Amino acid sequence: MDLNFAEIQELLESNIHEYRLTAVIILTLKYKKADFNLKKEIFDFYISNTRNINNWDLVDVTCPCIVGNFLLDKDRKILYKLVKSSLLWDKRIAIISTFEFIKNNDFEDALKISEILITDKNDLIQKAV
């Protein structure tokens with residue numbers, strides 16, 4: 001868990017799924033123990049690496065804890081940018097991140113993002129919605 005961002009980046013860029021999974025789990029564990037400044041750094045790092053967070057389990061295990069949690073009391077425009085991306089995983093990050101909002105009785109963005117994605121043909125998006 002004491003890996004720095006460069007070492008985590010190396011894991012995220014691996015072709016081996018389990019290395020990428022390890023990287024995002026490390027980020028999640030770091031996030032849970034972090035102060036605000038480190039949480040922001042982890043959030044920014046996560047968002048800048050969505051191309052490497054490229055499987056449903058990588059998204060589902062981590063983005064509510066990092067993206068959703070960080071955005072609880074902040075502007076959520078980034079989710080609307082992600083939902084309009086051509087990348088499947090960006091779209092999934094957008095909707096799955098709202099699970100953290102739902103746990104906090106905040107449904108507005110979950111419903112709005114669901115409306116945007118409701119006609120998406122990909123089954124991994126439909127299951128998330």
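A crossing of two helices is left-handed if the near helix is turned anticlockwise from the far one by less than a right angle, and right-handed if clockwise. The model is predicted: local features need pLDDT of at least 70, side-chain atom pairs count only at pLDDT 80 or more, and totals for chains, interfaces and linings use all residues. Residues are numbered from 1 along each chain as its sequence is written, and side-chain values use heavy atoms, with hydrogens and water left out.

**Exercise 1.** Describe how helix 2 and helix 3 pack.

Solution. Step 1: locate the helices, which are DSSP runs (H or I, at least four residues) numbered from the N terminus.

Step 1: take the angle and the distance.

Step 2: classify the angle. Under 35 degrees counts as roughly parallel, over 145 as roughly antiparallel, 65 to 115 as roughly perpendicular and the rest as oblique. Helix 2 and helix 3 are therefore roughly antiparallel. Their crossing is left-handed.

Step 3: list the contacts (heavy atoms within 4.5 Å). Leu-27, Lys-30 and Tyr-31 of helix 2 meet Lys-39, Ile-42, Phe-45 and Tyr-46 of helix 3. By class, this contact has five nonpolar, no polar and two charged residues.

**Exercise 2.** Describe how helix 1 and helix 3 cross.

Solution. Step 1: the axes of helix 1 (residues 5-12) and helix 3 come within 12 Å and cross at roughly 25°. That angle makes helix 1 roughly parallel to helix 3.

Step 1: the crossing of helix 1 and helix 3 is right-handed.

Step 2: Phe-5, Ile-8, Gln-9 and Leu-12 in helix 1 meet Leu-38, Glu-41, Ile-42 and Phe-45 in helix 3.

**Exercise 3.** Is Asn-105 buried or exposed?

Solution. Step 1: find Asn-105 in the loop between helix 6 (88-103) and helix 7 (108-117).

Step 1: apply the cut-offs (buried under 20% relative accessible area, exposed over 50%, partly exposed in between; 1.4 Å probe, protein chains only). Asn-105 has a relative accessible area of 63%, so Asn-105 is exposed.

Step 2: check the backbone. Phi of Asn-105 is near 60°, a positive value in a residue other than glycine. Most residues other than glycine have a negative phi.

Terms used:
Helix = DSSP H or I, 4+ residues; strand = E, 2+ residues; numbered from the N terminus. Axes fitted to C-alpha atoms, helices over the stretch in contact; angles between N-to-C directions. Nonpolar A, V, L, I, M, F, W, Y, C, P; charged D, E, K, R; others polar.
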